[in-house]
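User: I've got a structure open and would like to talk through its side chains and backbone. Could you take some questions?

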Amino acid sequence: MGSTLRAGVVGLTGIGARPPIPAPKHGWGISMPHSHASAFHFVEDTELVAVCDLRQEAIDEFDVNWRSYVSEVNSYIDYREMLDRENLDLISVVTSDHVHTQIVIDAAEAGVKGIVCEKPIATTLADADRMIEAVEKAGIPMLVDHVYRWWFPWADVGKLIDDGAIGDVVRVMCNQGGPRAMLFRNGTHVCDTINWFSTGNPTAVYAVAEKGFEDYGPRYASDGGHDPDTDPALSIMIEYDNDVRAFWNACKTMPGRYIGPFDIWGTEGRIHLTNDYAVLYDDPEEGLRGRELTPTHYTQGHIAGLVTELVGLIRDGGEPSCDGRQARQALEVLLAALQSQAGGNVRVQLPITDA
């Protein structure tokens with residue numbers, strides 16, 4: 001164990017600042033929410049010392065929600081002032097999708113030791129490249145919050161695939177339904193997971209937009225992730241350099257959660273995966289019968305898992321689960337899909353440049 005790392009959060013939306021809640025029964029403690037503030041509050045060796053938002057009402061709400069959990073957290077309207085005054089070790093960038101870039105660059109240049117960036121990393125490849133250059137020049141880790149990297153059963157499935165449980169992956173299939181089947185805001189999770197499970201590098205993309213989004217593209221034109229009606233749904237096929245093909249069907253008018261189910265087919269079996277469970281089919285003699293994975297019971301949320309990893313990377317080094325380069329790869333697929341749709345559903349070969 002080392003000294004406590006001072007942390008700040010920029011962007012006090014729900015995922016940035018949602019507070020802990022009491023457990024339903026006496027003696028069960030509290031329930032840790034899906035938020036960056038709670039991760040820094042609960043993870044050992046990190047301390048939330050500062051928050052920032054452009055809206056005073058968001059700061060006021062944070063003060064009300066957190067006053068019983070933290071003795072003092074300084075608040076700012078200007079993140080640059082926070083960086084100048086707080087001597088931060090860690091920072092989470094939890095702003096709208098299209099305004100991560102300069103905050104990450106300024107934080108890296110201000111001397112922080114590690115950065116958490118919400119997904120998507122950016123909305124243009126040029127911005128993603130500027131961010132990656134800044135953190136690599138500073139020699140610091142940046143993890144991008146593609147949450148399934150730290151969440152059961154997804155993380156467990158990723159390890160099974162790496163360990164060869166279904167042989168070589170050949171096909172990945174995913175459905176994404178409901179109003180939040182949004183290409184950038186929620187689709188970036190799907191895309192990163194497809195890239196991860198495909199075990200290769202994407203080489204080409206084809207896409208067809210859902211009705212109502214035929215004129216969207218070839219570049220990002222949404223509102224930063226707030227209104228689902230500004231973020232399109234597409235059906236996408238991705239080719240990889242290891243001959244894997246992935247089929248991603250997003251449709252806002254079909255029922256479903258915003259990610260899954262997934263089916264990953266290998267040369268020796270397959271895995272069926274949802275947000276709640278995973279079934280491994282790895283015995284040809286069992287036919288349609290499979291075995292459900294035993295849940296891994298985490299005592300912390302997935303953002304806390306990310307923060308725990310970031311602390312380890314700062315102190316001990318190692319390979320990150322999802323850094324800026326992996327996040328850029330997901331972004332390139334999303335932008336290639338927009339270029340494919342805008343070009344008449346053509347095959348777009350990677351690498352691409354911004355439209």
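Predicted model: local features only at pLDDT ≥ 70, side-chain atom pairs only at ≥ 80, totals over all residues.

Analyst: Numbering runs from 1 along each chain as its sequence is written, and side-chain values use heavy atoms, with hydrogens and water left out.

User: How many aromatic pairs are there?

Analyst: Rings of Phe, Tyr and Trp (its six-membered ring) pair if their centres lie within 6.5 Å; planes under 30 degrees apart are called stacked, over 60 edge-to-face, and the rest tilted. By that rule, the count is eight.

User: Is Trp-66 buried or exposed?

Analyst: The scale uses relative accessible area: buried is under 20%, exposed is over 50%, and partly exposed is in between (1.4 Å probe, protein chains only). Phe-62 comes in at 3%, so Phe-62 is buried. Trp-66 has 0% relative accessibility, which also makes Trp-66 buried.

User: How far apart in sequence are the parts that Phe-184 and Tyr-220 tie together?

Analyst: The two ring centres are 4.7 Å apart with planes at 80°, so this pair is edge-to-face. Phe-184 is in the loop between β9 (169-177) and α8 (187-198), while Tyr-220 is in the loop between β10 (202-209) and β11 (234-240), so the parts tied together are separated in sequence by 36 residues.

User: Which residues are closest to the centre of the largest pocket?

Analyst: A pocket is an open set of points on a 1 Å grid over the protein atoms alone, where a 1.4 Å probe fits, with protein on both sides within 12 Å along at least five of seven lines; lining residues have an atom within 4 Å of a point. Grid points join across faces, edges and corners, and volume is the space filled by probe spheres set on them, which gives about 390 Å³ for the largest pocket. Of its 21 lining residues, the closest to the centre are Ile-15, His-34, Lys-119, Arg-180 and Arg-185.

User: How many disulfides does the whole structure have?

Analyst: A disulfide here is a pair of cysteine sulfur atoms within 2.5 Å. Cys-251 has its closest cysteine sulfur in Cys-174, 13 Å away, which is too far for a bond. Searching the whole structure gives a count of zero.

User: Which residue does a cis peptide bond join to Lys-119?

Analyst: Omega is about -15° at this bond.

User: What is the phi of Asp-243?

Analyst: Asp-243 is in the loop between β11 and β12 (245-251), and with 66% relative accessibility Asp-243 counts as exposed. Phi is positive in this residue other than glycine, near 75°.

User: How far apart in space are Leu-335 and Thr-124?

Analyst: Leu-335 is in helix α10 (residues 324-342) and is buried at 3%. Leu-335 and Thr-124 are 211 residues apart in sequence, yet their C-alpha to C-alpha distance is 7.9 Å.

Terms used:
Helix = DSSP H or I, 4+ residues; strand = E, 2+ residues; numbered from the N terminus.
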